[in-house]
Each structure stands twice: as structure tokens, then as C-alpha cells.
Amino acid sequence: MWVAALLVAATAPVSAAEVRVKEIARVAGVRENALTGYGLVFGLAGSGDTLRHRATLQSVANTLRHFGVNLAEVDLASRNVAAVLVTAKLPAFAEPGGLLDVQVASSGDARSLNGGTLMLTPLYGADGRLYAMAQGAIAVGGYQFEGPTALVQKNHPTVGWVPSGATVEQASPLRVAGDGRSLSLLLNDPDFTNAQRVADAVRAVAPGAYVQPEHAGKVTVRYDQAPANLVTEIARLENATVQLQRKPRVVVNERTGTVVAGADVRVGAVSITHGNLRVEIDTRLAVSQPAPGIYAGTGPSIGTVVVPQTDITATETLASLVRIREGATVAELVTSLRGIRLSTRDVIAVLQSIKAAGALDGELVIQ
């Protein structure tokens, strides 16, 4: 069964929209920092790692020794523990005592993390320094129950979250890049026109600064003297308004059959002919047995035989012709194609062909 197409488009063409600089750009140096750790989840109801995962047994034994319990790995047989990888994102300007959301993912052969509790786990940055400590009850948006011959599963039970489960122990090392007298604005989606418009908007709110677009994704702002309050200056720059020019783009997801297009995406005059060839192969298995009384004895060549019977039917429909006028939107194109009963997959194939023919005034992104 085909998945219905989803087409998002405005009713009127829009080439520019007024947005703030903070919505399309960021200050250089201000970004998140990835944190990673390795830990153990306890309290699982027999759904943890099996004895085949030796790393879990070794980790549990080392943890118990830390609490004064000396056990060898061969003495551990519980499936209530799972080894996990813990990840989090440290925001820019994070200070000690701040709380972070934590993601927990099984690294062994555990069936589910539902009901488990993450033991105190250190989280390290790419520089090898400790920045946060995580622990807490895990929230899993799914479950898995199984019996000897049955299995029921919802979503992905081996990945979970610990909301506000990590505490920042060390401030983020990231700061605003620059020497105090200059800073850079980095566009989220590099574009030469938008970079020039951002520079013009910044000049309007900071007339005493030297503003220069370095390339499509970077605008540099320099001051004769360092601003008295950098926070106030950045707040003024990031609230400047820009007439954003959006890129005409059509995004197609072949896995789900979703088509998303902007209203400013236009199609040139094209003629589309599409036909379908449908082939059906039906195989039935018939059982042939020796008639009683005909064969007096048994032998290697006498017995029941399964005989496959295959029917092949090919049906070819007449090709349908659709003409699209010059300047039509993608929404009008999809409506016309759906009118001749084209499936979502066929609509995606037509869009790819139109792009190859040079009649699509925009970028086609296939996911």
C-alpha cells in the first residue's frame, strides 16, 4: 500500500521573509559540545545483557569492588544489568550545577532498558576532560515482552532518556571567538545574497562598526574599541531584521513517500507521459500422490511429489498525457498527476525526471 503524499506549499509566491539575524545565524564560538560516557543500568527485570557479553560482567565486578564486594566474573549470573553508552550535549556558556538531558543506549545484547536506573556515570568531552556526571531513572518510550514462541515489541526499548539526568561539573570551554574587538556571524544556510543582507542589517544597528561579508556563510564585525558590554552588543546585532531570501527547494523522502515543496518553486512548460506495466506471478503448489492399488510396492522413485503451477499475467495500461503550463507550482503539478491516479512513488519519479530535463526551477533534495 502506497503512503499518501504530503505537499506543503503556501497559496501565494513568497520570495523573501523578514526574520531576525539570530534566527538564521549564530555568533562564532557559540555552539554545543558533545559529551560521552560508559555506564551501567541496574534494576532490569531479566532483560539485561547475557553472560556472552563479557564487558558487562567485568564492569559489574569492578563496580562491586569499589564498594568493597570482591567477586569474580564467573560468580555473576544476573541479567538485571546492562552496559550502556551515555551521551549528552553541553551548551555554550554552561556553568557548574546546570542540568542536562541524557540519552542512554545499550552497548550489549540487552533486550530492554525499561525500568532501569543509570548508575553514576562520568561524561567526557572530546578533549578528554570531565564535564558532567549522569545518573537517574531511565524513561523508555517502548517495551518488549517475549515468551517461548511469541514476542511483542513497541518502538525501540534499548534506547532511553534521563530528563535532567546530568549535572554540569565544569564550565563549557567554548566562548565567543575573537579578540574582544571583533566577532563573526555564521549563517546556518550559507547564501551570498543573505550574507550581504545580514551585513547591511548589522551596519544599520551598529553604524560605528566595520562590517564585511567574508563569504556566503560568514559576516565579520570589527570595532575600533572593544564594546563596553559584549552581551548587550551581541543582543543588538542578533535582533536586527533581515529580508531573508529563501532557496526554492523540493524535498522528497522516498522511504515515506513524502513530498514537501515551497510555494516559490516553479515548473517550466513540460509534457508528461506515463504508463504502467503490471506483472502478476501466481504460484500454486499442488501435491501429487501415487494412486492406491496401481503401485504394488515402494521404491526410491515412488512417493508424494509437490508440483508448482505458475500463472503469469502481464497488463499494460495506456500512457496518460499531462501538460503543465509555464510557471506552474509544484502543488499544481502534483494535483494534476494525482488526477490521473499516479501513486506517490510515480509522482516522485516524475519529479526526478522533470529535474533531469531542466524544467524544475529549484533544488530537488532526495532523502
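Visitor: Is Ser 164 buried, exposed or partly exposed, and how is that read?

Guide: Burial is read from relative accessible area: under 20% is buried, over 50% is exposed, and values in between are partly exposed. In this predicted model, Ser 164 has a relative accessibility of 42%, so Ser 164 counts as partly exposed.

Visitor: Where is the place of Ser 164?

Guide: Ser 164 belongs to strand 10. Ser 164 is not a glycine, yet its phi is positive, at about 50 degrees.

Visitor: Which other residue has a positive phi although it is not a glycine?

Guide: Phe 93 is one of them, with a phi of about 70 degrees. Phe 93 sits in the loop between strand 4 and strand 5. Its relative accessible area is 40%, and because that falls between the two cut-offs, Phe 93 is partly exposed.

Visitor: How many bridges join strand 4 to strand 5?

Guide: Pairing is read from bridges, and at least two are needed for two strands to pair. Strand 4 (residues 82-90) and strand 5 (residues 99-106) run antiparallel and are joined by four bridges. Within this pairing, Val 84 has Ser 106 of strand 5 as its bridge partner.

Visitor: In what sense do strand 5 and strand 10 pair?

Guide: Strand 5 and strand 10 (residues 159-168) pair in the antiparallel sense, over six bridges. One example is Leu 100, whose bridge partner in strand 10 is Ala 166.

Visitor: How do side chains sit in a regular strand?

Guide: As a general rule, they alternate between the two faces of the sheet.

Visitor: What is the order of the open sheet of three strands?

Guide: That order is 22-17-23, and the pairing is antiparallel. Strand 22 (328-329) and strand 23 (360-361) stand at the edges; each has a single partner strand, so one side of each has no neighbour in the sheet. Strand 17 (residues 266-267) is joined to strand 23 by two bridges, and these strands run antiparallel. In strand 23, Asp 361 stands opposite Arg 266.

Visitor: Is Asn 194 buried or exposed?

Guide: Asn 194 has a relative accessible area of 4%, and because this is under 20%, Asn 194 is buried. Asn 194 lies in helix 3 (residues 192-205).

Visitor: Which residues is Asn 194 in contact with, leaving aside its neighbours within four places in sequence?

Guide: Contacts can link parts of a chain that lie apart in sequence. With those neighbours set aside, Asn 194 is in contact with Leu 187, Gln 243, Leu 244 and Gln 245. Leu 244 is 50 residues from Asn 194 along the chain, yet their C-alpha atoms are separated by 6.1 Å. A polar atom of the Asn 194 side chain lies 2.9 Å from the backbone nitrogen of Gln 245.

Visitor: Is Ser 184 buried or exposed?

Guide: At a relative accessible area of 12%, Ser 184 is buried, because the value is under 20%. Ser 184 is in strand 11 (residues 182-187). Leaving aside neighbours within four places in sequence, its contacts are Arg 26, Val 27, Ala 28, Lys 218, Val 219 and Thr 220.

Visitor: Which residues line the second largest pocket?

Guide: A lining is read by asking which elements supply its residues. The second largest pocket has a volume of about 210 Å³. Strand 3 (33-42), helix 2 (54-66) and strand 6 (117-124) each supply at least two residues of its lining. The lining is made of Tyr 38, Gly 39, Leu 40, Ser 59, Asn 62, Thr 63, His 66, Phe 67, Met 119, Leu 120, Thr 121 and Pro 122.

Visitor: What does the secondary structure of the chain come to?

Guide: There are six helices and 24 strands. The chain has 367 residues, of which 34% are buried. Of the contacts with a separation of 6 or more, 72% come from residues 24 or more positions apart. The chain exposes about 21,300 Å², and carbon and sulfur atoms supply 54% of that area.

Notes
Residues numbered from 1 in each chain as written. Predicted model: local features only at pLDDT ≥ 70, side-chain atom pairs only at ≥ 80, totals over all residues. Heavy atoms only, no water. Buried < 20%, exposed > 50% of the residue type's maximum accessible area, 1.4 Å probe, protein only. Contact = heavy atoms within 4.5 Å. Polar contact = N/O pair within 3.5 Å; in protein donor to acceptor, adjacent residues only side chain to side chain. Areas by Shrake-Rupley, 256 points an atom, 1.4 Å probe, with all protein chains shown as cover. 1 Å grid on protein atoms, 1.4 Å probe; cavity = no way out; pocket = protein on both sides within 12 Å on 5 of 7 lines; lining within 4 Å. Points joined across faces, edges and corners; volume = space filled by probe spheres on them.
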